[in-house]
Amino acid sequence: MNAYDEYMKSIVKPMREELVQTGFTELTTAQEVEDTMKTLEGTALVVINSVCGCAAGLARPAVREALLTAENKPDHLFTVFAGQDKEATETMRSYFPEVPPSSPSIAVWKDGALAYFIPREQIENFEMEQIKEHLSGVLEQVCAK
């Protein structure tokens with residue numbers, strides 16, 4: 001690993017931990033994504049994380065808050081890190097090919113298919129509270145038992 005990779009690894013460590021501490025399983029390789037997605041049952045929230053300011057100030061806090069307050073929570077929480085774990089991110093995106101790549105973004109998966117997607121465009125110019133409410137509403141509908 002070169003000096004740049006080491007530096008970036010140290011920079012993104014707290015960004016990764018923010019979601020992991022919330023209960024997310026981080027998928028860092030294409031194989032982990034494949035193994036997870038082909039056996040996945042029920043509902044899942046997938047966050048495509050990134051180093052940008054809208055991930056730090058909006059997406060991750062909104063996801064955390066939505067999960068704290070949601071009555072209907074997904075069965076599984078997963079995250080991939082765009083720009084860091086490139087193969088894992090590409091593989092995850094291959095499960096929803098109809099959606100243009102964007103990061104950060106939030107995918108809600110149900111019964112083997114993409115049920116809802118919140119792209120960067122619905123994150124970066126909104127308040128954290130608006131994103132939280134948007135995601136909370138989606139979780140209430142998609143994750144209802």
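Eleven residues line the largest pocket of this predicted model, and D5, M8, G83, Q84 and D85 lie nearest its centre. A pocket here is an open set of points on a 1 Å grid over the protein atoms alone, where a 1.4 Å probe fits, with protein on both sides within 12 Å along at least five of seven lines; lining residues have an atom within 4 Å of a point. The space in this largest pocket comes to about 200 Å³, a volume being the space filled by probe spheres set on the points, which are joined across faces, edges and corners. Helix 1 (residues 3-20) gives the most to the lining, with six residues. Sorted by class, the lining holds four nonpolar, two polar and five charged residues. In this scheme Ala, Val, Leu, Ile, Met, Phe, Trp, Tyr, Cys and Pro are nonpolar, Asp, Glu, Lys and Arg are charged, and the others, Gly among them, are polar.

A word on conventions: residues are numbered from 1 along each chain as its sequence is written. Because the model is predicted, local features need pLDDT of at least 70 and side-chain atom pairs count only at pLDDT 80 or more, while totals for chains, interfaces and linings use all residues, and side-chain values use heavy atoms, with hydrogens and water left out.

Now to the helix packing. Helices (H or I, at least four residues) and strands (E, at least two) are DSSP runs numbered from the N terminus. Axes are lines fitted to C-alpha atoms, for helices over the stretch in contact, and angles run from 0 to 180 degrees between N-to-C directions.

| Helix pair | Angle | Axis distance |
|---|---|---|
| Helix 1 and helix 3 (residues 53-69) | about 15° | 10 Å |
| Helix 2 (residues 30-39) and helix 4 (residues 86-93) | about 30° | 7 Å |
| Helix 3 and helix 5 (residues 128-142) | roughly 45° | within 8 Å |

Angles under 35 degrees count as roughly parallel, over 145 as roughly antiparallel, 65 to 115 as roughly perpendicular and the rest as oblique. With an angle of about 15°, helix 1 is therefore roughly parallel to helix 3. Their crossing is left-handed, meaning that the near helix is turned anticlockwise from the far one by less than a right angle; clockwise would be right-handed. M15, E18 and L19 of helix 1 meet R60, P61, V63 and R64 of helix 3, where contact means heavy atoms within 4.5 Å.

At about 30°, helix 2 is likewise roughly parallel to helix 4. Here A30, V33, E34 and M37 of helix 2 touch E87, A88, T91 and M92 of helix 4, giving five nonpolar, one polar and two charged residues.

Helix 3, at roughly 45°, is oblique to helix 5, and the crossing is right-handed. Among the residues in this contact are L58, A62 and L67 of helix 3 and I131, L135 and L139 of helix 5. The contact has ten nonpolar, three polar and two charged residues.

Two backbone details deserve a look. Most residues other than glycine have a negative phi, and most peptide bonds are trans. S103 and P104 are joined by a cis peptide bond with omega about 0°, and P104 sits in the loop between helix 4 and strand 4 (105-110). D111, not a glycine, has a positive phi of about 50°; D111 belongs to the loop between strand 4 and strand 5 (113-118).
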